[in-house]
Amino acid sequence: MSQASDTADIIAKIIGTAGVEVIQRSTGSSVYLAPSVQRVPSIHLRPDIGCFVQFGGDYSGLIIVNFEADSALAFYRTSMMFMGMPEEELVDDPSHEEVLDSIGELVNQISGQVRQQIQRIYGLSAVNKQPKAIWVQDSILLSVQDTVMLDSQCRRLSFKLGDELPFHIEFFIEKTEFASFNDIEIPT
Amino acid sequence: MPADPNMRILIVDDFATMRRIVRNILKQLGFTNAEDADDGTTALAQLKASQFDFVVTDWNMPKMSGLELLKAIRADPDLKHIPVLMVTAEALQENIVAAAKAGVNDYIVKPFDAQTMKGKLDKIFA
């Protein structure tokens, strides 16, 4: 296994942990994260709702969160009610703009926590643009402009909201290796 | 002095859902006089056009970020007295330091509930 793969796996664990923490904090519900990471050849927006956010700075990459309609609607309704919104004011259509917007805000918070963790651990910073959530009919392959996306840097994580509603995070990180100076010795 | 329940509040966030949540939380706490803006540029125009007593702004927004909005507010003699609560998706130390240097009154990390917001209001308007 290459060092770049090691870093992608570390990022996968950081993203997985952030996904669980943010969604549990947002919904008050349990979130299951499969205790393994899939190395995949590419990353896609997948039906029914896909949300992506690109980040760049000291390092760069792309995060996608894919929800099936039932999972997206459950997340939206649970999180809105958890933050005090009356149930009668919520929509029931998973393709409604408000559901897409709540998924976008979720990805914004996950991305923020991931960047925070990477800065805390490695002292490296990045910024992200506004996440975009869209209703997806068929899978859409995503790539980063001017970047060769090697499959060694693509990963997929599998989650369940409330033990039964699946959703996935896929991400790409540029070919890079995070190595702490603490672990590097200068020859004398 | 506790916060005036009739104070005019501007909620600034690029996500409509978050604006709605913040508005609802403020309503739960008795503050119903709130308007919103979807980015810093729009917010600044609203602040200059009429009087507001409190600003709740997101950090990460297109066009003009929350930090840029905060700096613009503090640089304007007519606006600089307005208390500003910064809402962030991450508690990055450098962001907190930058916001503190720019004159933020407090910050709150998403997601948050009415009780957390009440604590911030009590502190800002003590």
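1. Starting point: A:Gly84 sits in the loop of chain A that runs between α2 (69–82) and α3 (97–122). Keep in mind that this is a predicted model.

2. Buried would take 20 or more, and exposed would take 12 or fewer.

3. What does A:Gly84 touch, leaving aside residues up to four places away in sequence? The partners are B:Asn24, B:Ile25, B:Gln28, B:Asp113 and B:Ala114. As for A:Val31, which is 53 residues away from A:Gly84 along the chain, the two C-alpha atoms are separated by 20 Å.

4. On to the chain–chain contact. Chain B puts in 19 residues and chain A puts in 18 residues. On the side of chain B that touches chain A, helix α1 (residues 16–28) of chain B gives the most, with 7 residues. Sorted by class, that side of chain B has 11 nonpolar, 4 polar and 4 charged residues.

5. Two packed helices are described by the angle between their axes and the distance between the axes. Here α2(A) and α3(A) pack at about 75°, and their axes are 9 Å apart. That angle makes α2(A) roughly perpendicular to α3(A), because 65 to 115 degrees is the range for that label.

6. Which residues make the contact between these helices? From α2(A) come A:Ala72, A:Leu73, A:Phe75, A:Tyr76, A:Ser79 and A:Met80, while α3(A) supplies A:Val99, A:Ser102, A:Ile103 and A:Leu106. By class, the contact of α2(A) with α3(A) has 8 nonpolar and 2 polar residues, with no charged ones.

7. Stepping back to chain A as a whole: there are 3 helices and 10 strands. Reading from the N terminus, the order of elements is α-β-β-β-β-β-α-α-β-β-β-β-β. The radius of gyration of chain A is 17 Å, close to the 16 Å that the globule rule gives for 188 residues, so chain A is as compact as a globular protein of that length.

8. Taken along the principal axes, its C-alpha atoms fill a box of roughly 70 × 30 × 30 Å. Of the 188 residues in chain A, 40% count as buried. Among contacts in chain A between residues at least 6 apart in sequence, 76% join residues at least 24 apart.

Definitions and conventions: Residues numbered from 1 in each chain as written. Chains lettered and ligands numbered in written order. Predicted model: local features only at pLDDT ≥ 70, side-chain atom pairs only at ≥ 80, totals over all residues. Helix = DSSP H or I, 4+ residues; strand = E, 2+ residues; numbered from the N terminus. Contact = placed C-beta atoms within 7 Å. Axes fitted to C-alpha atoms, helices over the stretch in contact; angles between N-to-C directions. Parallel < 35°, antiparallel > 145°, perpendicular 65-115°, else oblique. Nonpolar A, V, L, I, M, F, W, Y, C, P; charged D, E, K, R; others polar. Rg over C-alpha atoms; globule rule 2.2 N^0.38 Å. Buried ≥ 20, exposed ≤ 12 C-beta atoms within 10 Å, placed from the backbone.
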